[in-house]
Amino acid sequence: MTYMEDYIDAFVNGFLGMVQWTWRSIVMDVPWQTNYFWGLILISLVVWVLEILFPWRRDQSIFRKDFWLDGFYMFFNFFLFALVLAGVYRLLGLLFFDLGLSIDGLALVDIAPWPQGLQLLVFFVLLDFLQWFTHVMLQRFEALWEFHKVHHSVKEMGFAAHLRFHWMENILYKPLKTLGVMFLGGFEPQQAYLVHFVAIAIGHFNHANLKLTYGPLKYILNNPVMHLHHHAYTLPQGSNGVNYGISLSLWDYLFKTAHVPESSGRVPLGFPGDGEVPQGFFGQFAHGFKRRKK
Ligand SMILES: [Zn+2]
Ligand SMILES: [Zn+2]
């Protein structure tokens, strides 16, 4: 029998555990390969320096429009909001335990005996596909698109735009990702920091002011040129969106949602009606919940 207090305790413990972990990351008291705090800063600095040295749009300011807002979003979505989520997960874990629900039965393949590198690759590809699919849903369903509009309200592109998104996206992306991990029996997501760092780096590059396509790898890896057109104000006729890829461009080529025209990098960004999205953090935080007037 579990009482309300146990659930509150679970939430508080999860929250405080994450506060402690984040603090230990800041003071570098965790293994370096799991230090997302300094890892994120390091990746950001590298991509930013590349943007400064080799800009695609030369006249774009180093401190482009919304640079600081998006910089704040990086830390908000990655760390501050993660504190609350850690509490919620601990609580849900206890709830599932109390309900007698176990996730072990969901595993489709037991990948524990596979070589570590292969495990990580399969995890990366599966996770990326599920995120691609979630992203398509975010643009196809009106109610979800309202939240995703915050990411698409970026008018000048730079690396930090990567993590500018509504906090609801953290929640909307989660169920499918969790399900994906459950399918892989014997996989310890704790080993996955490498995959996460690769994904952060690719995501930063996708939004950077750099003309990079990775040569023939462009059919596999998402890149700044392709993702810029995901953010284009004007979409091809009759399309809801193009280039939904997160880390991989593969899915867009497979499912025929790829669209990469000749480009000078100066395409107008946003979407029709993007002036409605509030400019500041708090306005954007609350955006998407009110019913829109037709
Ligand atoms: Zn999008
Ligand atoms: Zn984007």
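1. A salt bridge here is a side-chain nitrogen of Lys or Arg within 4 Å of a carboxyl oxygen of Asp or Glu. By that cut-off, Glu146 pairs with Lys149, with the closest N and O atoms 2.9 Å apart. The two sit 3 residues apart in helix H5, separated by about one helical turn; helices (H or I, at least four residues) are DSSP runs, numbered from the N terminus. Glu146 and Lys149 are both buried, meaning under 20% relative accessible area, with exposed being over 50% and partly exposed in between (1.4 Å probe, protein chains only).

2. Some housekeeping before the rest. This is a predicted model, where local features need pLDDT of at least 70 and side-chain atom pairs count only at pLDDT 80 or more, while totals for chains, interfaces and linings use all residues. Residues are numbered from 1 along each chain as its sequence is written, chains are lettered from A and ligands numbered from 1 in the order in which they are written, and side-chain values use heavy atoms, with hydrogens and water left out.

3. Back to the charges: the whole structure has 8 salt bridges. One of them joins Asp66 to Arg164, closest N and O atoms 3.0 Å apart. Asp66 is in the loop between helix H2 (36-53) and H3, and Arg164 in the loop between H5 and helix H6 (167-183), so this pair ties together parts 98 residues apart in sequence. Both Asp66 and Arg164 are buried.

4. Lys155 and Asp274 make another salt bridge, at 2.7 Å between the closest N and O atoms. Lys155 is partly exposed at 35% relative accessible area, whereas Asp274 is buried at 15%.

5. Now the metal. His151, His207, His227 and His231 coordinate the zinc ion (ligand 2), each through NE2, at 2.0 to 2.1 Å. Donors are N, O and S atoms within 2.8 Å of the metal (3.2 Å for Na, K and Ca), and since water is not among the atoms, sites may look incomplete. With angles of 89 to 158° among the 4 donor atoms, this site is irregular: four donors would need all angles between 85 and 135 degrees to count as tetrahedral. The zinc ion (ligand 1) is 5.8 Å from the zinc ion (ligand 2).

6. Last, the aromatics: there are 34 pairs, counting rings of Phe, Tyr and Trp (its six-membered ring) with centres within 6.5 Å, stacked if planes are under 30 degrees apart, edge-to-face if over 60 and tilted otherwise. Phe75 and Phe79 have centres 5.9 Å apart and planes at 25°, so they are stacked.

Definitions and conventions. Tetrahedral: all angles 85-135°; square planar, octahedral: opposite > 155°, others 65-115°.
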